[in-house]
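Dear colleague,

I am passing on the structure we discussed, and below it I have set out what came out of going through it. Please read the notes with the coordinates open beside them.

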Amino acid sequence: MLNLERLRTLDALARFGSVSGAAEGLHVTTSAVSQQLAKLEREVGQQLLARNGRGVRLTDAGQLLADHAARILSQVELAQSDIEAQRGEVVGEIRLGAFPTAARGLFPATLAALRADHPELKVRTTELEPEAGIRAVMRGDIDLAVVLDWSNKRLPVPGGLAMAELLDDAPDIAMPAGHPLADRTEVDLEDFAEDDWISWPEGEFCHDWLMFTLRSKGIEPRIAHLAGEHHTQLALIAVGVGVCVAPRLGRGAVPDGVRLVPVRQKMRRHVHAVWRVDADRRPSIRAAVAALRAAGREFDAPLNGDGVA
């Protein structure tokens with residue numbers, strides 16, 4: 001009889017490509033991963049791993065069993081989903097992840113609604129950037145992630161994940177109140193070609209989007225400051241050291257000395273929920289998506305015929 005947890009360990013090794021990667025993905029030690037794989041080799045009576053430089057690789061037998069393990073684990077999750085769906089009750093536990101502004105803007109109302117409507121459902125939440133949220137869903141660390149992309153830069157979503165639209169978020173440009181464009185009713189990104197920008201940290205999806213968008217307009221952005229929190233970005237703008245893109249979702253209070261002006265071009269952050277297809281029938285997933293959508297209606301920016309909110 002094959003042990004399910006050992007198959008899960010083998011599946012993690014196949015997906016992450018190393019013992020350390022599998023350990024990180026499973027939140028265990030590398031020693032625990034090695035022990036589980038050694039026991040699995042004894043159970044099947046074949047060598048599953050071979051040395052590959054300083055690391056390991058799957059043997060033919062290891063790859064064959066890893067392929068079966070992925071299908072078995074998917075079937076187990078599907079069975080759990082079907083059992084929940086057959087019972088039809090929103091109970092148990094659901095783990096949610098979201099990028100910071102979505103966590104701040106959506107989670108409070110979402111958690112309050114789920115607690116009121118489904119008191120036997122336990123909800124856990126964490127903050128994760130979009131790419132990390134997708135990886136966490138694929139690993140099974142969380143059940144649902146709130147992610148984002150932009151109208152001109154889509155976020156790749158791997159196969160095996162389901163996705164639902166939650167809202168469109170219309171960003172503004174934040175600038176010091178004394179900026180020459182502060183009295184405009186609308187602005188274009190090109191208007192800030194000579195300004196210093198305050199951006200998200202390098203490597204984050206929104207930072208990459210800002211660089212891509214400005215460069216596509218022939219502007220080489222002058223990034224003066226990097227800050228992950230929008231409140232920090234706005235605080236810097238309040239003292240006059242740059243401009244930034246300021247989405248409306250989860251924005252909160254705007255400091256004195258900051259002016260927000262809508263962008264004339266059709267520029268939207270699309271906010272989605274993603275989860276594993278195997279879990280599609282879980283009532284808790286459906287309840288969470290409905291609650292997130294309801295929470296997002298305050299921020300949603302529908303477009304008229306001209307593509308303007």
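Strand E7, which covers residues 172-176, pairs with E11 in the antiparallel sense, and five bridges join the two. Please keep in mind throughout that this is a predicted model. Within this pairing, isoleucine 173 has valine 261 of E11 as its bridge partner.

The two strands belong to an open sheet of three strands, ordered E10-E7-E11, in which the pairing is antiparallel. Strand E10 (244-246) and strand E11 (258-262) are at the edges, and because each has a single partner strand, one side of each is left without a neighbour in the sheet. From one strand to the next, the twist averages 40°. Helix H8, made up of residues 230-238, lies across E7, E10 and E11, and its direction is at about 130° to that of E10.

Sorted by class, the residues that line the largest cavity are five nonpolar, three polar and three charged.

With best regards

Terms used: Residues are numbered from 1 along each chain as its sequence is written. This is a predicted model: local features need pLDDT of at least 70, side-chain atom pairs count only at pLDDT 80 or more; totals for chains, interfaces and linings use all residues. Side-chain values use heavy atoms; hydrogens and water are left out. Ala, Val, Leu, Ile, Met, Phe, Trp, Tyr, Cys and Pro count as nonpolar, Asp, Glu, Lys and Arg as charged, and the others, Gly among them, as polar. Two strands pair if DSSP finds at least two bridges between them. Helices (H or I, at least four residues) and strands (E, at least two) are DSSP runs, numbered from the N terminus. Axes are lines fitted to C-alpha atoms, for helices over the stretch in contact, and angles run from 0 to 180 degrees between N-to-C directions. Contact means heavy atoms within 4.5 Å.
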